[in-house]
Structure formats: structure tokens, C-alpha cells
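Here's a protein model to explore, one piece at a time. Have a look at the chain first, and then we'll walk through some of its details together.

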Amino acid sequence: MGDKVYYITTPIYYVNDAPHIGHFSTTVAADVLARFQRLRGREVLFATGTDEHAPKVAEAARQRGKEPQQFVDEIVQTYLQTWQETHIDYDDFVRTSEPRHKAVVTAAFERLRERGDIYRGIYEGWYCVPDETFWQESELIEGRCPNPECRRPVQKVQEENWFFRLSAYQDRLLEYYEAHPEVLQPDFRRNEVLSFIRSGLRDASITRSAYGWGIPVPDDPSKVIYVWFDALLNYITVAGYLQDEAKLRDVWPADVHLMAKDIFVRFHATLWPAILMGLELPLPRRLFAHGFWTVDGEKISKSKGNAINPRQLAAEVAERSGSSYDVVVDALRFFIFREVPFGLDGDFSTTGFVHRFNSDLANDLGNLVNRSISMLHRYYEGVVPAATPDPALVALAEPLVRDLPAALEELRFHQALDLIWGFISALNKYVDEQAPWRLAREERREELARVMYSVLDGVRLVAVAISPFMPVAAGEIWRQLGMPTPLAAQRWDEAMRPGGLPAATVTATAEPIFRRIEEKRRPAKEKPVAETTPAPAEKPAEPAQPTITFDEFQRLDLRVARIEAAERIPGANKLLKLTVNTGTDTRTVVAGIALWYAPEELVGRKVVLVCNLAPAKIRGVESQGMLLAADTEGRAVLLQPEQDVPVGSKVR
RNA sequence: GGCGGAGUAGCUCAGUGGUUAGAGCACACGGCUCAUACCCGUGGCGUCGUCAGUUCGACUCUGACCUCCGCUACCA
């Protein structure tokens, strides 16, 4: 039994995606926290991993003629390599296909089933294959998947499944969060969780028909366990659940689960704590949801191919800069927290990165290191003189030394970097005001020694403070300073005490670490760095929609109709009530297009109508048919005949 | 529509019931010369979203409204 180990996790990443800047930010955040806690002397367990059980994965493997296991083994290499090459120092990497994890999932399932939290039921609903998601009838949009990125047809399914009694935990979850509001972070997301839970939790179907991949349901080989139930349990697999009770006691509960905002409310803040309650395990101390990155103002999307691959970007920038690849990787780690407060959305642009690289790293930090060590060589042949640090400068370091721990403890990375850069600025200003070159000229040796010592000791503090963010660059500063003990062996409380730079330390020759990048004017249509991770990381093709026969197609009664009248439906902001003439009758149709079409511009327009769609009541209005519209980035664009044709014309 | 949040300098944002509202970046000018053409300093006539109210006094409190964002409902 030791002290509580600081346990931090990233989500386990879905092997269907190649790692991009989104995964990178989550993982770097965890890495920075882990390094910082180690620096503070705490024992740390930092875990990441991969989520491998999903129908899409099995399908992609099959398309390549591979066994799923072989397929994922290959893809996992991309993650391992990416983390290695971006200085991610995790302690454990968990894969859901590992035996240790399968054992945990199986046992957790059995335990919950024994206590009645998992029961057998009939699931009836609509399933979107590509999204692997079940939907309620009422959630569908025009009979299709409601996910705006998907909108593909869904299949009606009715099957027996196992359900987790999530509804039974509604009150306990609310009580828990009311008593422990600090668990849900950032605070502005707290209400989203509470209102989601208050709106009523439904039991969750946590199994699927077996498809030859995944973890089988104990005693029911016809089913496998649904990926979300499977994946969330990775957090206790790593903690030693069922395998190492002593470790579990030291490690669990997690101190921080980090994730992007899309999987916060439903999964990490609702399903996961409920499962833990069912297993009678303590809940995580903090759930932190960060924002999304856009790239040059646009959402990251596979179709745009604008995902930023951190390794590739770093390699390209290193090429332009002349700095080493590892230093540029560190710069990228720095950038994602310097640019945007962690938790909010941010925009990534290469020009923004280059800009920060030049001003914050090359000019402010790099040049500070360079000018101070260069002067030491000029005035002292590179050997640190004996002196006490200038109290004025010590005072300037005070906010950094005092406030940085709390900033990082509370995941305020942005503020942490502000503190560090505030001190860097103070050091540059100090050099300017003290003007060591003048002291040297005027032979004021004692003052010169104190100034030089103080500045270099300040640089040492900066190196320690930035080391969780930029371990390689910090190590390089450390090396140039000639520090006798390794950076990795430093402990915060001691290392951040001013005056820790030993007299007579022999510094190395000053060499620029961050080399400025020439911002040459590039063609206006410069493309962002595209994802080009080599195979095997390529994304498997999306499964094609199931084909339908010509006869099935013929069952659709599509006709050209004219809109005779249009009005808004009160209380709904997307809906219009339309009166349309189909040639044989006049009927009412409700269409969800009010955001893009004003009622008056629709009257008289010819559109394509699905005439034999079963009527449905929407907002109290019976809709007898549906307008065809193209779906583009969540917008609806009405289809209309390219030439004028009579109302009632058949469309086929 | 419901719930929540935000609207402050060209940009990104900080901020407090009370004399002249701040930071960084960008821009302009000046200084220095150790250094990676760097660093340091100086400079902005900003109606602190709109309108009303509370108050001796509001950018900071209250109400209404406008705009944007998030969650949520509607999406045949």
C-alpha cells in the first residue's frame, strides 16, 4: 500500500481513425499532467490505448482479407509510433482486444447481471450500420440517421439483447453530482450533464448480435458486448481490477479522465459512473471535456482531408525552420495550449503556429537562452560566476513558482504558459535594464556577476517549468546550461528555489534551439497539411449501403408538385407547413427547411415529392409526403426539375 | 421553443459597485547592441451588444430586447 497514485487517462482511440490533432491534444494534455505530477514527486499512472471492437473494424479487415486481430495489430502500430515520436511518455497502453481487458469486461458483465443491473430484453428500433448506433423512431430525420455527418438510411431491427439498467441510477447520479460538482469540468458543461440526466435516462442496450469480433456475452455466444460498455471498462483494466487488488487500491479512482466534449455527457459523465456504481467502485475524481479543433476555420472531416497529422506537420515545419524535428514537436505541444484555453474550441492554422513559433519560442525564449549563454562565454569564458540571485529577479519569479502548480493541477494549461511567459518577458527586460554589456565595459565585475548569475538561474527555472510541455527543448536548455544533474531527476520544490544554479558550472556553447521560420509569402491557395499517414493506418472504406432491387425502387411514388402555400409552424424553428399540388390532389406536407427557405420564396416553386410515404404527425400537423432535398453540411437544398414540367409528372 | 453561456481596443481575450478600463498579438515611432534583424520603451478619440431601471456612482447589479455559441425539442 503506497500513497494514491496519480491516475490519468485519455480515451482509448478508435482504430478506424488515423491519429490527428484532436487525439494529439488530448494525449499531450495527459502527458503534460503526468510529467508535471512526476516532477512534483508523485507516482503516476498515465494510460492511453485503442478501442478495437467494432463492426466497422471487422468489416474493414474482411475487405482486406485479414483477420480482425491481425488488422488491428497493424493499425495500433500507427498509434504507438505517433506517441513515441511526439514525446508521449505513457505508463500503460491498453488494447480492448487484450486478454486482460476481455477478462475484466466479462467479469464486470457477469457481476452486473448477477445483481440484476443487466437483464435480457427486446430491442426494437432503427439501427444505423455505419454509425453503429441505435435510434428511436422519433429521433430519425426523414427516415434516416439523425447524425448530421451521416444521414444514411437506417435498418429496422428487432432483436433480443442485454440491457444495462441505467434508468435505475438516475437519482444516484444526480445526488452524486450535486454533492460533488467539481467532478464535472469545465464548469460550463456541468449543466449539460445535469439536464441530460434529469431529462430521463433510458436503459442502455449493451450487446449486439455476434459478428465474429468482440467480446462474447458470458453464456450467450450469440451476442457480443457493445463497444461503449467494452471501451469504458478499459479504465479499470489498467488500474488492475480483478488482477491486482493492491494496485487497484493505490490507483483507483482515476484522478482525471480526459476526453473531447462529444463523449462527455452521455458516456463519461453518465454511463460510466453508473457502471462504476453498479460495480461498487468509487467514481473518478474529475471528468474533463476539452473542445474541438477546427483547421483554418473548418471542421476536421474525413471528406475534406484536412486533419492535421502532428508528425507530418512537425517534419514539414522542421524542414522550414532548421530546428530539429523533436524541437518542433515540442513547439507543437506548446502551441496547442498557448493558443487556446484548454476546454474551449480552437482553430489551428499553420500560419498561427509559425507565428507563435517565431515570437514566443524563437524570439522570447530561444533568444533569451542564447543571449544569456553567449554573454557568459564572452565575459566569463562560459563558467558560471559565484553570486547570489538578485532579489528583484527572485521576486519576479515568485508568481510562477507559486501559481504554476495550481494552474496545472486544475488543467489551466493556458494560464500555466502565461505564467511562464510572464517570467520570460521579465527576464528579457531585466537583461535590458541591467545591460551586462555596459557593466562589462565599465568593469563593474561584482554587479556583472550578480546579473549574469541571476539571468542564468532564471533560465534554469524556465527550463524546469516548461519541461512538462517541452521535454526535449527543456533538456536542450539544460544541456547548454551545463547542469550537472539530469533534468529528469529534478523535483519541483527544490528545483524551483532560486539560486539553484551551482557556481562554476561549465556551460556549453550557445546554439539556437528554436530557429526562426521565414514567413515567405506562399501562394494564396496554400493547402493545410493533409493527412497522409501511410498504410496500414488508412481508413477502411465505408461499407456500401445495402442494394435494393428495381422493384423496390419502383414502389416509390415520386412526383413533381407545386407549392401553393407555405407558413411557419409556431413553436418550431425548422418546420414549414406547405400546401402542395400533386396534380391529382392538394395536400399538406411538413418540411424541416425553415432555416434555409422563407415561406414566401417557396410559393409557386416546383419540387419533387414522395407521395406514398406513410403520413405522420409532426407538431400536431399531419404531413402527407416529403420533399426531396440535397443534404450538404447540415443544410437542405431543395431539388427541382431542371426544366419546367407539368405538375404531377412522375419522377423515376 | 426550453435550459445554459457569451457579447470589452484591428485580432484573441482579462477584469473590478467608485478617481484617467487592462494584457498579448498586429501596427507606428524611439532606445539598446549581449543575442536567432533580437530585446526594451512609448503610442490607441475603445459609446465595455441595445434600451430602460436600482444607486451618490455601473463596464461591473436588475429587467427587457438584439446577435452569436452550447445542450435540448421539432426535422416524414
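Let's start with E443: this residue is exposed, with a relative accessible area of 58%. Here buried means under 20% relative accessible area, exposed means over 50%, and partly exposed is in between (1.4 Å probe, protein chains only). E443 sits in the loop between α16 (436-441) and α17 (445-466). Helices (H or I, at least four residues) and strands (E, at least two) are DSSP runs, numbered from the N terminus.

Before going further, some ground rules. This is a predicted model, where local features need pLDDT of at least 70 and side-chain atom pairs count only at pLDDT 80 or more, while totals for chains, interfaces and linings use all residues. Residues are numbered from 1 along each chain as its sequence is written, chains are lettered from A and ligands numbered from 1 in the order in which they are written, and side-chain values use heavy atoms, with hydrogens and water left out.

Most residues other than glycine have a negative phi, and most peptide bonds are trans. E443 has a positive phi of about 60° although it is not a glycine. E280 also has a positive phi, near 60°, and is not a glycine either. You'll find E280 in the loop between α10 (264-278) and β13 (287-290). E280 is exposed, with a relative accessible area of 61%.

|---|---|---|
| Q185 to P186 | near -5° | P186: between β7 (184-185) and α6 (190-198) |
| W252 to P253 | near 0° | P253: between α9 (245-251) and β12 (256-260) |

**Strands side by side**

Strands of a sheet pair through backbone hydrogen bonds, either parallel or antiparallel. In this report, two strands pair if DSSP finds at least two bridges between them.

One open sheet has three strands in the order β9-β11-β10, with antiparallel pairing. β9 (207-209) and β10 (216-217) stand at the edges with a single partner strand each, so one side of each is left without a neighbour in the sheet. β10 and strand β11 (residues 220-225) run antiparallel and are joined by two bridges. For P216, the bridge partner in β11 is V224.

Another open sheet of three strands goes β15-β14-β16, and its pairing is mixed. At its edges are β15 (298-299) and β16 (346-348), each with a single partner strand, so one side of each has no neighbour in the sheet. Strand β14 (residues 293-295) runs parallel to β16, and three bridges join them. Across from W293 you'll see G346 in β16.

Then there's a hairpin, formed by β18 and β19 with four residues between them. Strand β18 (residues 576-581) pairs with strand β19 (residues 586-591) in the antiparallel sense over six bridges. N581 has T586 of β19 as its bridge partner. In the turn, G583 has a positive phi of about 95°.

**Helices and what they touch**

How far apart are the end C-alpha atoms of helix α12 (residues 325-338)? They are 20 Å apart, which agrees with the 20 Å that its 14 residues should span at 1.5 Å a residue; the expected span is 1.5 Å times one less than the number of residues. Twelve of the 14 residues of α12 are buried, so this helix is largely enclosed by the rest of the structure. Among them are D330, R333 and F335.

Helix α3 (residues 68-85) includes T82, which counts as buried at 2% relative accessibility. Not counting residues up to four places away in sequence, T82 touches P19 and R311, where contact means heavy atoms within 4.5 Å.

In helix α17 you'll find I466, a buried residue with a relative accessible area of 0%. Leaving aside its neighbours within four places in sequence, I466 is in contact with L365, I420, W421, A474 and I477.

How many cavities of 30 Å³ or more does the structure hold? There are four. On a 1 Å grid over the protein atoms alone, a cavity is a set of points where a 1.4 Å probe fits but cannot get out, and lining residues have an atom within 4 Å of a point. The largest cavity has a volume of about 80 Å³. Of the 13 residues that line the largest cavity, W293, I336, V340, F342 and L344 are the closest to its centre.

How values were computed
On a 1 Å grid over the protein atoms alone, a cavity is a set of points where a 1.4 Å probe fits but cannot get out, and a pocket is an open set with protein on both sides within 12 Å along at least five of seven lines; lining residues have an atom within 4 Å of a point. Grid points are joined across faces, edges and corners, and a volume is the space filled by probe spheres set on the points.
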